[in-house]
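Biologist: I'd like to learn how to read a model like this one, feature by feature. Could you walk me through it?

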Amino acid sequence: EVQLVESGGGLVQPGGSLTLSCAASGFTFGSAGMSWVRQTPGKGPEWLSTINSVGDDIDYATSVLGRFTVSRDNAKNTLYLHMNSLKLEDTSVYYCAKDLNRATMYADGWGQGTQVTISP
């Protein structure tokens, strides 16, 4: 069973930084593409980034390009989202997902999400 557990969310001032983690289990992490998605109440899910299984091919949404960086440690079965220059509009619940289809937003597994709040 795919299990994904996000952590690292919290309250940060605008301009600040935060790193989220996603601990994976129940599957061969090093063989899976992983993604980060966020969702704000009242809005649809927003794809942020996808990293391939070995970490050498990464895509970012325009909204986070240059501010967010995705990485993974396959030895630790962990995915990361390093967020810099945070803005008020980055306030959301952040999810990691396994093998996400960006067109349908279907994934083989989702975490429970971690809340990120940007506030002065």
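Predicted model: local features only at pLDDT ≥ 70, side-chain atom pairs only at ≥ 80, totals over all residues.

Biologist: Let's start with a serine. Leaving aside neighbours within four places in sequence, which residues is Ser-49 in contact with?

Modeller: Residues are numbered from 1 along each chain as its sequence is written, and side-chain values use heavy atoms, with hydrogens and water left out. Contact means heavy atoms within 4.5 Å. With neighbours within four places set aside, Ser-49 touches Met-34, Ser-35, Trp-36, Ile-58, Asp-59, Tyr-60 and Val-70.

Biologist: Is Ser-49 buried or exposed?

Modeller: We call a residue buried under 20% relative accessible area, exposed over 50%, and partly exposed in between (1.4 Å probe, protein chains only). Ser-49 has a relative accessible area of 1%, so it is buried.

Biologist: Which backbone oxygen does the side chain of Ser-49 reach?

Modeller: Here you look for a polar contact: a pair of N or O atoms within 3.5 Å; within protein, one must be able to donate a hydrogen and the other to accept it, and residues adjacent in sequence count only if both atoms are side-chain atoms. For Ser-49, the side chain reaches the backbone oxygen of Asp-59 at 2.7 Å.

Biologist: Where is Asn-52 found?

Modeller: Secondary structure comes as DSSP runs numbered from the N terminus: helices are H or I, at least four residues, and strands are E, at least two. Asn-52 sits in the loop between strand S5 (46-51) and strand S6 (58-60), and Ser-49 belongs to strand S5. Asn-52 is partly exposed, because its relative accessibility is 22%. Its side chain makes a polar contact of 2.6 Å with the side chain of Asp-56.

Biologist: How many disulfides does the model have?

Modeller: The rule is a pair of cysteine sulfur atoms within 2.5 Å, and the count comes to 1 disulfide. Cys-22 and Cys-96 form it, with their sulfur atoms 2.0 Å apart. Cys-22 is in strand S3 (residues 18-25) and Cys-96 in strand S9 (residues 92-98), so the bond ties together parts 74 residues apart in sequence. The torsion about the S-S bond is about 65 degrees, so this disulfide is right-handed. Cys-22 counts as buried, at 0% relative accessibility, and Cys-96 is likewise buried at 0%.

Biologist: Which residues have the most contacts inside the largest nonpolar core?

Modeller: A nonpolar core is a set of buried Ala, Val, Leu, Ile, Met, Phe, Trp, Tyr and Cys residues joined through side-chain atoms within 4.5 Å. The largest has 31 residues, and Met-34, Trp-36, Leu-79, Leu-81 and Met-83 have the most contacts inside it. Strand S3 gives the largest share, 4 residues. Beyond its neighbours within four places, Leu-79 is in contact with residues including Leu-20, Phe-29, Val-70 and Cys-96.

Biologist: In which sense does S11 pair with S2, and with S9?

Modeller: Two strands pair if DSSP finds at least two bridges between them. Strand S2 (residues 10-12) pairs with S11 in the parallel sense over 3 bridges, and Ile-118 is the bridge partner of Val-12. S9 and S11 pair in the antiparallel sense, over 3 bridges, with Ser-92 opposite Val-116.
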